[in-house]
Amino acid sequence: MPNREGLSLELSAQEIADLKEVFDLMDKDKGGTLSVEEVKNLMDMLGMKVKQEDLDQMISEIDHSGDGQIDFQEFLQVMAKPQDLPYKKSDVMRAFRLFADRDAPPGCISPEALERALIQYCNGKMPEEEVMRLVNSLEVNQEGYIDYARKVNLFLNK
């Protein structure tokens, strides 16, 4: 899929669908775009402390249309780029394995286990109702589990 600069994004249809799910979770007002406030709320929830001017700069670099909002196409362009993150894929996978029930299939976590972990470890950064909304909006497989390995691979393999 070509982006606005004419470069090709290396994402499969499944990866795009997974990213759309994440985008929709972040889009609290369901307006079809992410506001600065929605991005800030997510970063706060993840424990990422960012100054307002740094956040504004980040948004302006992503927001090619200049409307102060991030649309899904702009979001895809950012997510398709290699990410320089302060943690490794193996760390994230290990954390999910710690929270998952012992009887969960490999690479999966039950919605209940994820909800418990988020409530416990978000330390009030995310209201319990929001945790429940987030977990309930995630796609579950035929056995009723969330395939965290697929999502971690999507975000941390690039």
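1. The crossing of helices α5 and α8 is right-handed, a term used when the near helix is turned clockwise from the far one by less than a right angle, anticlockwise being left-handed. This is a predicted model, in which local features need pLDDT of at least 70 and side-chain atom pairs count only at pLDDT 80 or more, while totals for chains, interfaces and linings use all residues. Residues are numbered from 1 along each chain as its sequence is written, and side-chain values use heavy atoms, with hydrogens and water left out.

2. Helix α5 covers residues 89–99, and its axis comes within 10 Å of that of α8, the two crossing at roughly 160°; axes here are lines fitted to C-alpha atoms over the stretch in contact, with angles from 0 to 180 degrees between N-to-C directions. The pair is therefore roughly antiparallel, the word for angles over 145 degrees. On the α5 side the contact (heavy atoms within 4.5 Å) is made by Lys-89, Val-92, Met-93, Phe-96 and Arg-97, and on the α8 side by Tyr-148, Ala-149, Val-152, Asn-153 and Leu-156. By class, these residues of α5 and α8 are seven nonpolar, one polar and two charged.

3. Helix α8 also packs against α1, at an angle of about 95° and with the axes 11 Å apart, and α1 and α8 are therefore roughly perpendicular, which covers 65 to 115 degrees. From α1 the contact takes in Gln-14, Glu-15, Asp-18, Leu-19, Glu-21 and Val-22, and from α8 Arg-150, Lys-151, Leu-154 and Phe-155. These residues of α1 and α8 divide into four nonpolar, one polar and five charged.

4. Asp-18, in helix α1 (residues 13–26), deserves a separate remark. Asp-18 counts as buried because its relative accessibility is 2%, the limit being under 20% with a 1.4 Å probe and protein chains only. Neighbours within four places in sequence aside, Asp-18 is in contact with Arg-150, Lys-151 and Leu-154.

Key: Helices (H or I, at least four residues) and strands (E, at least two) are DSSP runs, numbered from the N terminus. Angles under 35 degrees count as roughly parallel, over 145 as roughly antiparallel, 65 to 115 as roughly perpendicular and the rest as oblique. Ala, Val, Leu, Ile, Met, Phe, Trp, Tyr, Cys and Pro count as nonpolar, Asp, Glu, Lys and Arg as charged, and the others, Gly among them, as polar. Buried means under 20% relative accessible area, exposed over 50%, partly exposed in between (1.4 Å probe, protein chains only).
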